[in-house]
Amino acid sequence: MATTLTTTESQTRRRENYHEADVVVVGAGVFGCAVAYALANQGRSVLLLERWLKEPDRIVGELLQPGGIAALEKLGLAHTLDDIDAAPCYGYTVIYHGEPVMVPYPNLDENNQVPNAWGGYNKPGDKKQVGRGFHHGRFITQLRRACQGHENITVVETEVVKTLHGDQTEQILGVESRTTNKETGAKESDYYFGQLTIIADGYDSKFRKQVLGTRPDVRSKFYALELIDCDLPAPGHGHVIIGNAFPVLLYQIGTHETRALIDVPQDLPEASTANGGVRGYIQKHVLPALPDSIRPSAEKALADGKIPRSMPNSWLPPSRQTANGMILLGDAMNMRHPLTGGGMTVAFNDVVVLAELLHPDRIPNLDDPKAINAAMDDLYWRRKSFTGIINVLAQALYSLFAANDRQLRALQLGCFDYFRRGVIDGPCGLLAGIIHRPAILFYHFFSVAFLAIWLNACAVVGGSIFGFLWTPLAIIDAVLILWKACIVFLPIMWREGFR
């Protein structure tokens, strides 16, 4: 007697036996897992392909901002933060040449808005915002388990090598991959087909050149240490340390573990081989800049004698793309400096918007290039009020925190003093991904610039009865500082598409 299959069973057999689905997703990382799960929840049949399904061991994707957690909840994936020893993060502590200032995440009012977005500091008692720090691999494993448990998703361990298109058209029909034969150990050719192929193969994407033709701008690396039982000055907060070294970022990723990320620009003389390399730079310049309570655990982490693991700090502004059966998203399409920890927050919010734009009620068939292109165009513009803010803020803050000239150091001091004066909720709300208004970003950045001009003028002309003689120098400095602020901020805004 013939067995009648349900639609779900039929789609499962189609994926497993014929390698066909509505959507093929390449890359089971942060973006790939989230978009596969979101589309599967809409009833789409999804093939999720990943080269290596063992738990990754990487130093990226370890801090999720409150805005990212909100997006994760919208996607139905909030449970993936459970049982991974995720540490709560309530904001930041900025330590400027030994002087700390607390920059907590702002609370939300009854309308889920930041009341003092333009200035000031929230009163306690409102909805408190919390981020999470964790081991990247544990979180990715949870995301993959969620996908593996979904009836509309088939997860396959296979290495995608190229896209497939028809003989008479450039329309992408799917991908070719290499799958390891479990019996022989040999890699064999495999083929997977979908109405739409979503490439999310990360920062080192092999398909970026094919789709965008752009390359990331890499000016520095983060070298990582894992500090055990570190005595942080402000537990439950990320720490940004600004001193005589380039910025150092610390945040808890577990009950006992704290991640330290040390910024080292390319071709930094202090990190040259003649000066002891990266380890020499850390020992001579970074360790003395750390608070006394942190230094012992950092010295212990360096005791193994190895060069710490590193990752490139990449900037890749978003590009508009024309879909031809394939779209490129996630870090493959857009990256920002990881100083502000916004990468995963961007990814999850992009998935929320994309899932809405590709909903079956809007686009019944994903093999409609015109409809997909319209959706991608909408995504490009709609993400600016969120992703664009995080991208610009990350690049601008890095320029200030890694200041290497007089004007940038003046802006750096202005930024610190801005926080010290209690103007916290707006800047931190932007960083946390809970304020989506570019005008607020513009306002705070140039408020910092004018504060920097004022502080510099006071330093130049103050302290002497003949200080007024230095007024022309203060005016020249003011022009140079404002000009530096413009060339830091405005080109980034332009590249991000705010025009």
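Buried here means under 20% relative accessible area, with exposed being over 50% and partly exposed in between, using a 1.4 Å probe and protein chains only.

Quick housekeeping. This is a predicted model, where local features need pLDDT of at least 70, side-chain atom pairs count only at pLDDT 80 or more, and totals for chains, interfaces and linings use all residues. Residues are numbered from 1 along each chain as its sequence is written, and side-chain values use heavy atoms, leaving out hydrogens and water.

Now, rings. Rings of Phe, Tyr and Trp (its six-membered ring) pair if their centres lie within 6.5 Å; planes under 30 degrees apart are stacked, over 60 edge-to-face, and the rest tilted. That gives 11 aromatic pairs. Take F139 and F348: the centres are 6.2 Å apart and the planes at 90°, so this pair is edge-to-face. F139 is in helix α4 (residues 136-148) and F348 in helix α8 (residues 343-357), 209 residues apart. Helices, by the way, are DSSP runs of H or I, at least four residues, numbered from the N terminus. F348 is buried too, at 0%.

Next, F445 and F489: centres 4.4 Å apart, planes at 15°, so they're stacked. F445 sits in helix α13 (residues 438-461) and F489 in helix α14 (residues 471-495), so the pair ties together parts 44 residues apart in sequence. F445 is buried at 10%, and F489 is buried at 0%. Ring pairs also link F442, F445, F446 and F489 into a cluster.

Methods
Helix = DSSP H or I, 4+ residues; strand = E, 2+ residues; numbered from the N terminus.
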